[in-house]
Amino acid sequence: MLRSFGFPVQTQPLFLFTQDADLKASGAYLQAKAGHEQAAVRLLMDLAVSWLYEHRDRFEPGLIFLAPHASEASGDNAIPQALATVCALMFQGTVDNEIVQSDRVFHTGADPMERMAARAQFEGVVISGAKYVLVDDVTNLGGTLAELSNYVQIFGGVVHDVVVLVNAGRDKSLVPSKKFVQLIKERFDDEFTEVFGIEPSALTANEANYLVGFTTIDGIRNRLAAAQQEIDRRLRSKGIARTAQGQASGASAAAGLIQNSLEAGDPAS
C-alpha cells in the first residue's frame with residue numbers, strides 16, 4: 001500500500017521515556033515482550049498508569065485507542081495492546097480489535113534502511129470519521145506508526161493523537177520538517193516514491209532526517225538492496241520466515257486484568 005498520508009501536522013506524541021533501557025529495566029519486561037499479558041499489565045501498572053493519569057485532560061471521551069500488533073521473534077509483544085486497553089479504560093474510550101498488522105516485519109535490531117525496507121502492512125475495518133489514538137510501546141524511526149496512521153486516514157479515520165512509552169528517535173517529533181521534505185522531492189523526484197512506496201510528505205521526521213544523507217537515488221537503491229539482503233540473512237539465521245500473521249491478541253483478555261488492577265486502588269480508577 002502506498003503511504004500517501006503523513007501524520008497530521010499538529011501531531012505531538014505523548015511519551016514517557018526517551019530510551020528503551022528505562023522500559024527494559026522493569027522486571028516484567030521480558031515476559032511482557034514475549035506475550036505474557038499479566039506481565040504486560042504489571043509493567044504498565046508500575047510505570048505508566050500514574051503518568052497517563054497526569055495527562056488525562058488531553059483525551060476526550062469516545063476516542064478509539066489502536067495499537068499495532070507487532071510480532072517479535074520471541075513471541076507476540078503484549079505491551080502495545082495492553083497499553084491501548086489501559087488508555088481506553090482510563091479515558092472512557094474503546095480499544096480497537098479490528099485492525100491488525102498483516103505481515104511480520106521483525107524490526108528489533110534493524111538499522112534505519114532495514115526498517116524502511118520492511119514496511120508494516122495492516123488490514124481491518126476503519127470507522128470513517130472516528131478519532132483514533134495510535135499507541136505503541138517503543139518508536140524509533142516511527143515507520144510502523146506512520147503506516148498505521150496512513151491506513152487509518154486512507155479509509156476515512158482521523159488520527160487524533162499518538163501515545164508511546166518510549167520515543168527513542170533522535171528527533172522526538174513525528175512530522176518531518178518542510179525543508180527536508182522539499183529537499184528529498186528536489187533531489188530524487190518521482191523515483192523516490194517508486195523505490196519506497198512512500199510519498200516524501202508522508203515520511204516521519206526521523207526517516208526524512210536519515211534519507212537526506214543520501215545524494216543520489218542510486219545510492220538509496222544500493223543501500224536498500226543491501227538492507228533487504230541483510231534482513232533475509234538475519235531471519236534465516238534464526239530460522240524465521242517473513243509470513244502473514246493472525247489476529248491481534250491481548251486486548252480483550254487483558255481488559256479484565258487491567259480493570260481489576262485499576263479498581264484495586266489506583267488514583268486513576
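# Reading a predicted model, feature by feature

Visitor: Which residues make the nonpolar surface patch of about 350 Å²?

Guide: Met 1, Phe 5, Ile 154 and Phe 155 make this patch, in a model that is predicted. Met 1 belongs to the segment that precedes β1 (14–17). Its relative accessibility is 44%, and Met 1 is therefore classed as partly exposed.

Visitor: Since the model is predicted, what is the mean pLDDT of the protein chain?

Guide: This value expresses the predictor's confidence in each residue, from 0 to 100. For the protein chain the mean pLDDT is 89, with 87% of the residues at 70 or more. Over residues 70–74, however, the value falls below 50, and the model gives this stretch 15 contacts beyond near neighbours in sequence. Residues 244–253 likewise stay under 50 in pLDDT.

Visitor: How many bridges join β8 to strand β9, and how many join β2 to β8?

Guide: Eight bridges connect β8 with β9 (residues 158–167), and the two strands run parallel. Within this pairing, Val 135 has Val 163 in β9 as its bridge partner. Strand β2 (residues 64–66) is joined to β8 (residues 131–139) by three bridges, again in parallel. In that pairing, Phe 65 faces Val 133 of β8.

Visitor: Is β8 largely enclosed or largely open to the outside?

Guide: A residue counts as buried when its relative accessible area is under 20%. Eight of the nine residues of β8 are buried, so the strand is largely enclosed by the rest of the structure.

Visitor: How should I read the salt bridges?

Guide: Side chains of opposite charge can pair when their charged atoms come close. The cut-off used here is a side-chain nitrogen of Lys or Arg within 4 Å of a carboxyl oxygen of Asp or Glu. By this rule the model has ten salt bridges. One of them pairs Glu 207 with Arg 3, whose closest N and O atoms are 2.8 Å apart. This pair connects distant parts of the chain: Glu 207 is in helix α10 (residues 205–211) and Arg 3 in the segment before β1, 204 residues apart. Both Glu 207 and Arg 3 are buried.

Visitor: What is the N to O distance in the salt bridge of Arg 119 and Glu 147?

Guide: The distance is 2.6 Å between the side chains of Arg 119 and Glu 147. Arg 119 is in the loop between α6 (112–117) and β7 (122–123), and Glu 147 is in helix α7 (residues 143–154), so the bridge ties together parts 28 residues apart in sequence. Arg 119 and Glu 147 are both buried. A network of salt bridges links Arg 3, Arg 119, Glu 147 and Glu 207.

Visitor: Where do Arg 221 and Glu 191 lie?

Guide: The side chains of Arg 221 and Glu 191 form a salt bridge of 3.4 Å, N to O. Arg 221 is in helix α11 (residues 217–237) and Glu 191 in helix α9, so this pair joins parts that are 30 residues apart in sequence. Arg 221 is partly exposed, at a relative accessible area of 35%. Glu 191 is partly exposed as well, at 34% relative accessibility.

Visitor: One backbone matter remains. What is the phi of Gln 92, and what is that of Asp 189?

Guide: Phi of Gln 92 is near 55 degrees, a positive value in a residue other than glycine. Gln 92 sits in the loop between α5 and β5, and its relative accessibility of 61% makes Gln 92 exposed. Phi of Asp 189 is also near 55 degrees, again positive in a residue other than glycine. The loop between α8 (178–188) and α9 (191–196) holds Asp 189. With 52% relative accessibility, Asp 189 counts as exposed.

Note on methods
Residues are numbered from 1 along each chain as its sequence is written. This is a predicted model: local features need pLDDT of at least 70, side-chain atom pairs count only at pLDDT 80 or more; totals for chains, interfaces and linings use all residues. Side-chain values use heavy atoms; hydrogens and water are left out. Patches are made of residues with over 30% relative accessible area and no salt bridge: like charges are joined within 9 Å, nonpolar side chains (Val, Leu, Ile, Met, Phe, Trp, Tyr) within 5 Å. Accessible areas come from the Shrake-Rupley method with a 1.4 Å probe; for residues, only the protein chains shown count as cover. Helices (H or I, at least four residues) and strands (E, at least two) are DSSP runs, numbered from the N terminus. Buried means under 20% relative accessible area, exposed over 50%, partly exposed in between (1.4 Å probe, protein chains only). Contact means heavy atoms within 4.5 Å. Two strands pair if DSSP finds at least two bridges between them.
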